[in-house]
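Please keep the sequence and the structure in view while reading.

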Amino acid sequence: MSEIRLYITTTEKRADIALSLMTDAFEEEGYAIATMEIDEKNDIWEASVYMFRVDEDEIAERFTALLAEEFPDAEIKREELPDIDWIAKSLEGLKPVRAGRFVVHGSHDRGTARPGEISIEIDAGQAFGTGHHGTTAGCLEVINSVMRSRRVKRVLDLGTGSGVLAIAARKLSPAQVLATDIDPIATRVARENVRINGIASGIALETAPGFHSTAFGRHGPFDLIIANILARPLMRMAPQLAAQLTPGGDVILSGILASQRWKVLAAYNGAGLSHMRTIWREGWVTIHLAKR
């Protein structure tokens, strides 16, 4: 089935505005949205929404209405995409990413870690999370900070994707890690990445559609919970997530646009968690909270 990209051309600052509008309109329905730099020198960016052809008429109408006020003169352009694994294609040749003590790299960059660094190998694949996105890198930085400052026995990586954050936690300490995802493909990909990274034990991987799964009762409560998802689901699950946390435990949240951070903080303050720090990366934030 053909995939369609609808997009506008604008500046970096205006692309952030478009991304915020698209997030509010499309994120809960599963449509992919993105901004990308086209010309650094001339500050040319594109803001895009992706859909299958069967949904094009509806999304085109909504996209036009969504942008009408902020972008009255913008021309909405259309591109039909060939049947390519765009996740793998877009990540080909990416350079290693360093965050905290971690260096995340593809198989083509094995041996890139410097003395004292912790190497994590993640190739482009079907699950999100290679370390190159600001949300993943921000989580890695806070994981490093939290787990070096105190002993953590049990970790939950909620929405594990590629498994990179679960792998990072396990490589940093002998903690027992539960990594869950609602997508069985992500769980399978994460399991393979755990194997590639030489972790024989200490990470349990389960497909879990929500906190009603028995996995959380069997492995929790948790001293550290990491959830790199999206702002709205994070806000909805705040009471349930907080209930899985031990007294004195830490929470790392990401997948949050900078403009959404206050709503997320309000939801978790209401669930009894205190804000410790916020890391900003590429228009996204990673929030560290604690049950103190």
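Buried means under 20% relative accessible area, exposed means over 50%, and partly exposed lies in between (1.4 Å probe, protein chains only). This is a predicted model, in which local features need pLDDT of at least 70, side-chain atom pairs count only at pLDDT 80 or more, and totals for chains, interfaces and linings use all residues. Residues are numbered from 1 along each chain as its sequence is written, and side-chain values use heavy atoms, with hydrogens and water left out.

**Salt bridges**

- The structure holds 15 salt bridges, each a side-chain nitrogen of Lys or Arg within 4 Å of a carboxyl oxygen of Asp or Glu.
- Arg78 pairs with Glu56, their closest N and O atoms being 2.6 Å apart.
- Arg78 lies in strand E4 (residues 77–81) and Glu56 in helix H2 (residues 56–67), so this pair ties together parts 22 residues apart in sequence; helices (H or I, at least four residues) and strands (E, at least two) are DSSP runs, numbered from the N terminus.
- Glu56 counts as buried at 12% relative accessibility, whereas Arg78 counts as partly exposed at 43%.
- Asp250 and Arg150 also meet in a salt bridge (2.7 Å, N to O); Asp250 is buried, with a relative accessible area of 1%.
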